[in-house]
Amino acid sequence: MTTPEILLRGSGLTRRWGGVLAVDNVSISLRRGAVHAVIGTNGAGKSTLINLLSGEIEPSAGRVELNGVDVTRWRQPRRARAGLGRSYQRTTLFPGLTVLENCRLAAQALQPRPWLWWQDARRCEESLQAARYALLRSGLDGQDQQIAGELSHGQQRQLEIALCLATRPDVLLLDEPLAGMGAEETRRMLDLLNELKADHAILLVEHDMDAVFRIADEITVMVNGTVIASDTPQAIRSHAAVREAYLGED
Amino acid sequence: MRATSVPQTVFTVVVFVALAGYAFVGGSFGLDLITKIMIYAIFALSLELIAGGVGLVSFGHAAYFGIGAYAAVLLTPKDGAASLVLLLPAAVCAAALYALAVGALSLRTRGVYFIMVTLAFAQMAYYVAHDTPLGGGTDGIYLTQKPAIGEALNLNQPVMIYGFTLVVLAAVFLFLALLNRSRFGHALAGIRVNEQRMRAMSYSTFGYKLAAFTLSGAIAGFAGFLFAVKDGFVNPELMSWHLSGAVLVMVILGGLGHLRGALIGAFAFVLLQEFFKSEAIFGALAKHWHLGLGLAIIVSVTLLPNGLVGLPAEIKRHLAGTPRDNT
Ligand SMILES: Nc1ncnc2c1ncn2[C@@H]1O[C@H](COP(=O)(O)OP(=O)(O)OP(=O)(O)O)[C@@H](O)[C@H]1O
Ligand SMILES: [Mg+2]
């Protein structure tokens, strides 16, 4: 294996909420072709880390590089245009729209000249194509005319991923995509992530340890905002501090 | 983003055909009243664009209406009529510019804060009109010469103003209907539902909101311009929060989130107002018309939470006997 390209790098990221250090001097790199899992107890700062990397919130200190470019001062939409896609821990879709419309709205963001007011959005071929592609990859192509709000929980989580894919990102930051899923849905989602891994850099925040150890190439463990270990799954499994602080109950 | 059904389109077309027909049969009182209603309908459409379209409740929209009206008067030379071709764009631009400034400063706030900030900026405009020599004070200013395009369009006759207003109303309605189904309109609707997700999907939502707000101000200014030309007179009431509130009531009464709602709401509001003001019907009580109007609005909004556009669905529901799902 040649040295895989680092697509996203966060260094020394810190974020305070009042007195709480939600994320404390965290550094992390995401490579194309790899799943980097971030695990940690509730409130460890995992979602905050994703928010810092995606630009949803500003860091108190630290820096974010996307494809080697310093994007720390870029706001979220600009980072998204540069290839950063993210999903949310709590499903945030457009529940009144069909599955296809959800994805078309996402894909439409990349199309130039949105102010051409006489053009029908539904006839924008480029966005429809990108939307269909996203649905195909996320395995929702059979559901494209269903109303998003009426999908099963598992399918809504899939649509979360499809919305990311519709903007054709290189980096995917996924916040607990498996939360609340049954065994079968989990298996399908893991297959999907395995497929996506080939051409994306993926950060996976997840509580399901079986899933994490099955899919991750690298695992970062957070406790109270700090990283206590970052290594291969094998090394993490036998890491004393991790076992004590986090896997201890097993 | 909302799909329009065939009956809805038929309804809108029938309304516009009826309005066109009325130009040939209406007397001067009727023409004047319907012109006023159509101007309010344009005004209500401007608010619907951001309140219904993006979910931004502006409580200061009278400012843009008033600026359009005052610009029409103040930019008309003392000694003759202004050219409509110049005066109209100038008035619309003046309103749009103020909306651009207000939007730039207010669109980072949300909910009740947005309401307060838009109100505060409208009050500033109101005081400029009310308390400075520029605005002519409480008495207002007269428009001595109505704008014209040569001999072709002379806005002195009621029927000409009626026709011109109708054409503008139809054009604005059609423009907004197309805008709603365009990518821009879909993005606005997306922002209304889930701005956070829109930003994650790479939409610079602030730019979209500012564009919509400015456009809304421009359309409100257009309505104000027509109002000044129709009445030949402006006063600070045109920028008052009463009018900002009234136009919001029109939009809600008609049905927030529907272009037809703005149209229906403007008609319902003004006709109810005329009804309760009528001394022939209410005699001495007519001077308490605010009370009647207020009660009528409360009853309507209680019975029809989705506005008057929801009436057919509500009737169907009653006939079928299904309970309303309270959302
Ligand atoms: N908007 C906010 N304002 C104040 N404090 C916040 C905010 N968001 C997060 N926090 C705090 O920051 C810390 C980290 O929260 P975060 O949501 O990142 O944890 P997490 O690891 O994602 O937890 P979970 O597993 O429950 O999702 C918590 O103490 C939380 O209370
Ligand atoms: Mg979280």
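Which residues of β7(A) are buried on one side, and which on the other? The close-ups below start there. This is a predicted model, where local features need pLDDT of at least 70, side-chain atom pairs count only at pLDDT 80 or more, and totals for chains, interfaces and linings use all residues. Residues are numbered from 1 along each chain as its sequence is written, with chains lettered from A and ligands numbered from 1 in the order in which they are written.

**View 1. Strand β7 of chain A is covered on both faces.** Val171(A), Leu173(A) and Asp175(A) sit on one side, with Leu172(A) and Leu174(A) on the other, and all are buried (20 or more other C-beta atoms, placed from the backbone, within 10 Å of a residue's own). That's five of the five residues in 171-175, so the strand is largely enclosed by the rest of the structure. Strands here are DSSP E runs of at least two residues, and helices are H or I runs of at least four, numbered from the N terminus.

**View 2. β7(A) has parallel partners in β6(A) and β8(A).** Strands pair if DSSP finds at least two bridges between them. Three bridges join β6 (residues 84-86) to β7(A), and Arg86(A) stands opposite Leu173(A). With β8 (residues 201-205) there are five bridges, and Asp175(A) faces Val205(A) across the pair.

**View 3. Chain A meets chain B.** Here 24 residues of chain A contact 19 of chain B (C-beta atoms, placed from the backbone, within 7 Å). On the chain A side, α2 (76-81) and α3 (99-108) each give two or more residues, and α2(A) gives the most, with four.

Note on methods
Two residues are in contact if their C-beta atoms, placed from the backbone, lie within 7 Å. A residue is buried if 20 or more other C-beta atoms lie within 10 Å of its own, exposed if 12 or fewer, and partly exposed in between; C-beta atoms are placed from the backbone.
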